[in-house]
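My notebook is open and the viewer is loaded. Here is what I looked up, entry by entry.

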Amino acid sequence: MEKANSDSRSLETEDVPRVRNLLLRSMCAVYLMAFVGFYCQAEGLYGDAGILPASRILANGTLKERLSLLQLGPFIGLGDGHEAIDLLCLVGATVAFLGLVSRVHCRLVSFIVMWSVYFSLVQISQSFRQQADHLLLEAGFLCILLAPSRLTDRRLPMEDIALLLLKWLVFRFMFASGSVKLASGCPLWWSLDGLKRHYETMPLPTSYSWYTYQLPDAFHRASTIYVYLSELVVPWLFFAPSKAVRRFALWWHVFLHLNIIGCGNYGFLSPLVLTLLLTLLDDEDELLVWLHERVSDEPRRRPRAKGRNQTEDADVDRYGGRLVKVIGLLMVVGSWLCFSVGTSDEGQLTFKPSFTRDQYLNVMQTMIRAAPLLVFVLMVKKFLKLLSSQDSVGSLAEGMRQFSKNLGLLISTIVAFTVFFMSIVPHSRLLPSTAITSPVMTRAYGGLHSLYVVNQYGRHLTKMRPMRREIILEYSDDINGTWHEYGFQYKPWTIERASSLPYGWLYFPRFDFKFYDGSGSKTDAQKWIYPLIQRLLEHQRPVLDLLDGRHIPAQAPKYIRTSLYRFAYTSFSEGAFWTRERLTDYFNVFSQDDTQLREKLKQMNFRSTVEPSSGSWNWLLRWVLDAIRRFVGAIEGSYLLVGLFVAAGMVIYTQQQQQKHHQQHHQRTTGQST
């Protein structure tokens with residue numbers, strides 16, 4: 001009995017890696033959003049009758065582009081059509097759902113599977129690939145270093161280094177997003193009007209964005225300063241030794257990204273960033289303990305007794321609250337001085353940068369060079385700690401010998417340091433003056449970037465668009481007759497949308513999102529529109545399902561044209577959300593026998609005729625996949641995701657209740673036996 005009680009006390013006070021567990025579970029949730037969103041649009045985007053069939057890449061792409069699990073489709077009788085894509089999406093979504101609801105399935109093999117499957121899908125994304133895909137693959141690869149290989153694993157030797165790399169990743173993403181705004185010299189960002197313009201010109205705005213746009217200009221300029229602080233100053237607090245300072249940085253960014261989620265349909269991008277921000281917490285943080293108890297399927301344990309390290313941490317964090325106040329005060333005073341906050345004759349707040357672009361670039365050069373050096377020092381510190389912990393060795397030399405015997409740990413460490421050094425290359429490219437020109441470094445980075453293990457961020461929002469332009473698809477059976485518009489589910493295309501602008505929640509509508517890129521560039525840069533027009537002329541159902549079904553013709557039209565409209569937000573008094581005016585033709589009028597359209601499709605190696613995929617002999621599996629698609633296709637993507645997360649919440653709650661009941665029964669049994 002005494003031995004049992006001793007084991008129980010040992011279990012209860014065991015060190016639980018809560019940050020790791022919650023971060024991995026949250027990554028499974030993000031993967032689930034990504035897989036489901038990809039699945040809902042895969043047939044229309046990449047199927048045989050889709051806009052950019054995957055078979056084009058798998059057959060004619062480069063060796064790097066053809067590196068995909070979809071190449072295995074013919075071996076299981078699915079060919080390279082949308083059925084193989086569906087299977088990958090369903091496999092990835094199933095693994096992600098299981099990892100979300102239970103720690104039992106949140107292991108190394110699960111993250112290898114999810115990364116491999118999503119990498120294969122991104123390989124065929126072509127023009128519809130987005131920055132969020134790159135960030136997910138890079139974070140997912142680092143989670144492979146973090147995930148335990150066995151369920152019995154507690155803390156991993158690589159855990160601290162992997163968490164630091166994830167923190168470095170979210171730092172790079174946020175810092176890159178902020179540094180390029182002023183570095184680009186965009187007058188809207190320098191006049192602090194960029195954020196207000198962003199509300200109107202963002203890819204897929206929501207009603208929250210329209211209402212925020214109506215606020216006073218002083219609010220928007222102050223909000224722009226808040227964004228600069230969020231992306232240029234606060235990320236440095238991620239590496240602070242004080243828990244209070246890191247928690248301050250966490251809540252600062254939680255507020256920022258909740259607003260981003262409310263303003264626009266960016267899918268899983270902000271949830272992914274919020275997941276990475278969990279690295280700012282410690283295992284003993286009260287918030288993390290509370291969250292872990294709500295989702296964990298393990299018996300609840302008492303917190304471990306304070307040891308030497310925890311006592312030292314408490315000493316470091318003793319004055320954390322005061323330090324946060326000092327930092328907040330410095331940020332306010334610094335913003336006041338840097339942006340010359342004052343009042344106008346009418347009593348309104350005024351803002352104007354008190355520094356020049358050259359001064360800003362000089363400061364950025366220093367910050368860009370300092371960040372990798374700071375992280376390198378922290379990585380070396382954690383590596384030395386890792387060596388010293390090898391079976392409680394007596395010296396560093398013994399630790400090195402013990403470490404070299406552990407082949408898996410050695411490989412993981414080499415991979416971790418390689419990823420870090422290669423990530424310095426895209427980070428240095430934020431400014432031309434700091435870019436690394438070493439051929440060895442750039443070639444090595446290119447190899448990892450081709451696998452999306454290391455990527456460059458910050459290319460969006462460099463220069464704000466002065467106005468919102470939208471591409472509208474129109475059809476007619478008479479070239480001189482009345483033109484009707486195709487409807488979109490998320491993209492602005494009418495003057496008013498019922499009662500609100502569409503909101504996709506965590507669902508990422510790639511098709512609608514891509515029109516944002518098209519409207520801001522030349523027609524030759526958006527070659528995907530040619531096959532889109534061809535599929536609409538053919539009246540292909542998978543492509544039509546990407547549109548609003550209430551605004552498509554009953555049969556194939558004879559002519560299609562694309563018009564370029566200018567959209568602008570209305571005021572409170574006007575009632576609708578948009579005003580719009582037609583600017584010009586984006587493309588000429590096209591028909592099935594149009595010579596120019598055929599020539600463009602030929603240049604793209606696009607087959608206008610839909611042919612069944614070669615190697616599709618597994619009729620039973622194809623029938624099952626088609627049945628699932630017909631069932632799921634009846635549910636709009638955002639509702640499907642909400643339903644899956646509700647189901648996951650119910651499963652987690654049921655597990656909690658069962659575990660609680662089991663603990664109560666065990667306590668009663670133990671008490672009776674005593």
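Which residue forms a salt bridge with Asp 193? I found Arg 221, with the closest N and O atoms 2.9 Å apart. For the term, I take a side-chain nitrogen of Lys or Arg within 4 Å of a carboxyl oxygen of Asp or Glu. The pair links distant parts of the chain: Asp 193 is in the loop between helix H8 (187-190) and helix H9 (194-201), and Arg 221 is in helix H11 (residues 217-233), 28 residues apart. Helices here are DSSP runs of H or I with at least four residues, strands are runs of E with at least two, and both are numbered from the N terminus.

Before going on, I note that this is a predicted model, where local features need pLDDT of at least 70, side-chain atom pairs count only at pLDDT 80 or more, and totals for chains, interfaces and linings use all residues. Residues are numbered from 1 along each chain as its sequence is written, and side-chain values use heavy atoms, with hydrogens and water left out.

**Entry: burial of the charged pairs**

I checked accessibility next, calling a residue buried under 20% relative accessible area, exposed over 50% and partly exposed in between (1.4 Å probe, protein chains only). Asp 193 is partly exposed at 24%, and Arg 221 is partly exposed at 23%.

My search of the whole structure gave 22 salt bridges. Among them is Arg 510 with Asp 133, whose closest N and O atoms are 2.7 Å apart. Arg 510 in helix H21 (residues 510-519) and Asp 133 in helix H6 (residues 131-146) are 377 residues apart, so I logged a link between distant parts of the chain. Arg 510 is buried at 2% relative accessibility, and Asp 133 is buried at 0%.

I also looked up Glu 474 and Arg 561, whose side chains meet in a salt bridge (2.5 Å, N to O). Glu 474 lies in strand S3 (residues 468-476) and Arg 561 in strand S5 (residues 559-569), so the pair ties together parts 87 residues apart in sequence. Both Glu 474 and Arg 561 are buried. I found a network of salt bridges too, linking Glu 43, Asp 86 and Arg 629.

**Entry: aromatic rings**

I counted 51 aromatic pairs in the structure. Rings of Phe, Tyr and Trp (its six-membered ring) pair if their centres lie within 6.5 Å; planes under 30 degrees apart are stacked, over 60 edge-to-face, and the rest tilted. Tyr 530 and Phe 587 have ring centres 4.8 Å apart and planes at 35°, so I wrote the pair down as tilted. Tyr 530 is in helix H22 (residues 529-538) and Phe 587 in strand S6 (residues 578-590), so parts 57 residues apart in sequence are tied together. Phe 587 also pairs edge-to-face with Tyr 586, at 5.1 Å centre to centre and 65° between the planes. Tyr 586 counts as buried at 9% relative accessibility, and Phe 587 at 6%.

**Entry: around Leu 537**

Leu 537 is in helix H22 and is buried at 2% relative accessibility. I placed Leu 537 and Ile 560 at 7.3 Å, C-alpha to C-alpha, though they are 23 residues apart in sequence. Leaving out residues up to four places away in sequence, Leu 537 touches residues including Ile 560, Phe 590 and Leu 597 (contact means heavy atoms within 4.5 Å).
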